[in-house]
Amino acid sequence: VQLVESGGGLVQPGGSLRLSCVASGIIFSLYKLAWYRQAPGGQRELVATITTGGRVIYSAFVEGRFTASRDNAKNTVYLQMNSLKGEDTAVYYCNTVPNYDWGQGTQVTVSS
């Protein structure tokens, strides 16, 4: 299984980013997927889970600011992040649930 995240970068507080994650080596449509993040010095935490049917469950800290989605035709999962805050600074990862090997992640830095 290979997971390749992209779309991170430096953004000012209040800004937006759209992350993408392409998965290969699995029958993508059969898997529950999730976005995670790991802040500097912190543990990896769950951001959102996307069921095979496309239903999304968000962690409380998202507070309606993020939207996760999947495109089974493209083997891709997305995370649209709006109203970004400094505390959203982290490396963001996607993975299946249960998890396979982790990809390299994509760095999101929110700073003025």
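**Thr96 and its surroundings.** I looked up the neighbours of Thr96 and found that Thr96 touches Ile26, Tyr31, Lys32, Leu33 and Tyr36, leaving aside residues up to four places away in sequence, where contact means heavy atoms within 4.5 Å. I note that this is a predicted model, in which local features need pLDDT of at least 70 and side-chain atom pairs count only at pLDDT 80 or more, while totals for chains, interfaces and linings use all residues. Residues are numbered from 1 along each chain as its sequence is written, and side-chain values use heavy atoms, with hydrogens and water left out.

I placed Thr96 in strand S9, strands being DSSP runs (E, at least two residues) numbered from the N terminus. Thr96 counts as buried at 0% relative accessibility (buried is under 20% relative accessible area, exposed over 50%, partly exposed in between, with a 1.4 Å probe and protein chains only). Its side chain makes a polar contact with the side chain of Asn95 at 3.4 Å, and a polar atom of the Thr96 side chain lies 2.7 Å from the backbone oxygen of Pro98. A polar contact is a pair of N or O atoms within 3.5 Å; within protein, one must be able to donate a hydrogen and the other to accept it, and residues adjacent in sequence count only if both atoms are side-chain atoms.

Cys21 is buried at 1% relative accessible area, and Cys94 is buried at 2% relative accessibility.

**Salt-bridge network.** I found that Arg37, Glu45, Arg65 and Asp88 are linked in a network of salt bridges, a salt bridge being a side-chain nitrogen of Lys or Arg within 4 Å of a carboxyl oxygen of Asp or Glu. Glu45 pairs with Arg37 at 2.8 Å between the closest N and O atoms, and Arg37 also meets Asp88 at 2.9 Å, N to O. Arg37 lies in strand S4 and Asp88 in the loop between strands S8 and S9, so this pair ties together parts that are 51 residues apart in sequence. Asp88 forms a further salt bridge with Arg65, with the closest N and O atoms 2.6 Å apart. I checked accessibility as well: Asp88 is buried at 0%, Arg65 is buried at 8%, and Glu45 is partly exposed at 32%.

Conventions: Helix = DSSP H or I, 4+ residues; strand = E, 2+ residues; numbered from the N terminus.
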